[in-house]
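Good morning, and thank you for the time on today's agenda.

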Amino acid sequence: MNEKKVNVDIGNGRVIEISTGKLANLANGACVIKLGETVILVAACTGPAKEGGDFLPLQVDYREKYSAAGRFPGGYIKREGRPSDKEILTCRMTDRPVRPLFPEGFFNEIQIQALLLSSDGENESDVLTMLGASVALTLSDMPFLGPIGALRVGYVDGKFVANPTHDERAKSQLELVYAGVADKVIMIEGDAKECSEDLLRDAMSFANEIVKKQIVAQKELAASAGRKKKEPTLHLVPAEVKDAVHSFCKGKIEGACLINSKEERYAALNMIFEGIESSVKPQFDGKVEDLDVKLKMCFDHLTEKTIRTAIVEKGVRPDGRGMDDLRQISCEVGVLPRVHGSGLFTRGETQALVIVTLGAGSDAQDSDPITGGISTKQFFLHYNFPNFSVNEVGRISGPGRREIGHGNLAERSLAQMMPDDYPYTVRCVSEIMASNGSTSMASVCGGTLALLDAGVLLKAPVAGISCGLICEGDKNILLTDIIGAEDHYGDMDFKVCGTRNGITGFQLDLKIPGISIDLLYQAMKRNLDSRLKILDMMNACIAEPRAEMSKYAPRIIAMKINTEKIGALIGPGGSVIRGITESTGAQIDIDDDGTVKIFAANKESLDAATKAVQDITAEVEVGKIYRGRVTGMKEFGVFVEIIPGQDGLLHISEMANYRVNKVTDICQEGDMVTVKVIGVDDRGKIRLSRKAALEELDDKGEEKK
């Protein structure tokens, strides 16, 4: 066993250990990444290209096992099943920064598998997986153009922290996941508490210095333990096929690429390609391997080049807008009658309908994260992308990795502005009605509209916009509010969400192997200008949360009780609280700190349950008058239950403003009497006075019957 190790100092006395040669030695490339007592194994393998393939089939799979934390999986089946959302999001974050770092035309299958072997509950595994993928590919014989570095950056007490622990993340104003090569960003993702563009830029600069250390360490490890790189087989279009396609398309494709309507543009391009199949294909039939694939590759490349050239050289975008122009935007709220809140946001041909549902605290999602962190979630945004949104037919199934990723970005961006200690559990569902770019950003805008329509007390409205990029030679052209074609044929999709005061969420995807931090900062400024314009349009539609909730929305109230009263409210075996819920129809949640949340379908049910809880948990106040029932008779006085479960002594001397010979002259057991609390001794014994109560009630001294 020939194990090799390198270390990377990330500051604050913390070191990432990278090793190879001990585990998974039959894989093309494999490594173990360790930080604290969190350990990740990442292995990379490759296979031949599939027949007829025209893209890089890169697959990333990350899995967490409860054994890593010394625990059993919950439920009846003591084995891990389908991947969790967290595992899927880690796969996506790992895929995106390495995908651009393979040569054009390399279509061999690549599979990266990551296993969480040990979890200390403090150090998060996702960024270690990203780093491990780079290490495994760098050690392999695959034509990987890395290595890259990857880390998470927090901002705690005015200082940047590399790979913060869960405790540090809970206090951080920023969560930035960063991947890049030396002095260039490839991927960022995260959220923030209304941070400035300058702070996010500085965080990336901080990350860049640690990335450089990670890259040096990987190169050192590869020099001593890596495989020799193989000359890759590249699937490129022969020059003669390329010339024939270009000749056929000359004078046709330019106009088709600049048709404003997505549907009409695609129809025109499809017609041209049909002409290629009928006119160009016969020239090379039987002479060129995978001819159909290569004709399609060539046509796509020519379409890409035509669109990019029009933007760079002529300043013309496919839909005719200027470089920093927004598409036409419309906003609408209250579009559905029975839901608790709804918002329809349309930007160009992209449209998101977002629906809000309000629920009780018990509707929150409790999770059991293996790696630690948040375990209860009270705000959700679920994103759905039906086939009809792009005028296609296809398999209909549950949410895929793309839907989970887009929903997570929108959810994180809006969650930053949810009110603190909000009693409702809130679910947003974004149904994409039409898609031509930036549907996740439309979900953020539509989500804000729907939340305000539902009466949710957002700290501030949130909007999102995407910025694109075309890099040609020394020219870098930023594009505001990109459409689908500009995303597909461009070099960048940089989504930024935020309020008027700062950034709440962001995500960068690149198709090129990195851009400068300064250029990304320019894109952030471009996004800020657009975001403010969108917020103005949204404000014109709905400026603040509705004062009145939908009549169909449930009602909820939160109150604080003495923790010593929790047992009385619950009752033996839950009998008391169960009785309240059955008689009122309300749902009651009790927290250990004495917070009681009452959730009801209507006001009548809420009021009845609230009164019942108050009656049981009320604290006796000295000087307050109560109407109570006589529960016990003695010669010296009677016991009166003034609130459920609490009796006080009404002494015979306090029964009237005259001498009372027998308590039965005033009351019998079961009678209702009006009394005033005149004292509570050190042992909690309550002293009552009917005489004082009657004097205070009215001049006549009449007792309420």
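In this predicted model, five strands close into a barrel, and their order is β25-β26-β27-β29-β28. The pairing within the barrel is mixed. From one strand to the next, the twist averages 55°.

Let us look at one pair in that barrel. Strand β27 covers residues 646–651, and strand β29 covers residues 686–689. These two strands run parallel and are joined by two bridges. Take L649 as an example: its bridge partner in β29 is R687.

I turn now to the cysteines. How many disulfides does the structure hold? The number is zero. Is C31 buried or exposed? Its relative accessible area is 1%, and therefore C31 is buried.

Finally, let us consider the surface. Here L23, L115 and L117 form a nonpolar patch. Together, these three leucines have about 220 Å² of accessible area. One of them, L117, lies in strand β6, which spans residues 109–118. The relative accessibility of L117 is 38%, so this residue counts as partly exposed, a class that runs between 20% and 50%.

Thank you for your attention.

Conventions:
Residues are numbered from 1 along each chain as its sequence is written. This is a predicted model: local features need pLDDT of at least 70, side-chain atom pairs count only at pLDDT 80 or more; totals for chains, interfaces and linings use all residues. Side-chain values use heavy atoms; hydrogens and water are left out. Patches are made of residues with over 30% relative accessible area and no salt bridge: like charges are joined within 9 Å, nonpolar side chains (Val, Leu, Ile, Met, Phe, Trp, Tyr) within 5 Å. Accessible areas come from the Shrake-Rupley method with a 1.4 Å probe; for residues, only the protein chains shown count as cover. A salt bridge is a side-chain nitrogen of Lys or Arg within 4 Å of a carboxyl oxygen of Asp or Glu. Helices (H or I, at least four residues) and strands (E, at least two) are DSSP runs, numbered from the N terminus. Buried means under 20% relative accessible area, exposed over 50%, partly exposed in between (1.4 Å probe, protein chains only). A disulfide is a pair of cysteine sulfur atoms within 2.5 Å. Two strands pair if DSSP finds at least two bridges between them. Axes are lines fitted to C-alpha atoms, for helices over the stretch in contact, and angles run from 0 to 180 degrees between N-to-C directions.
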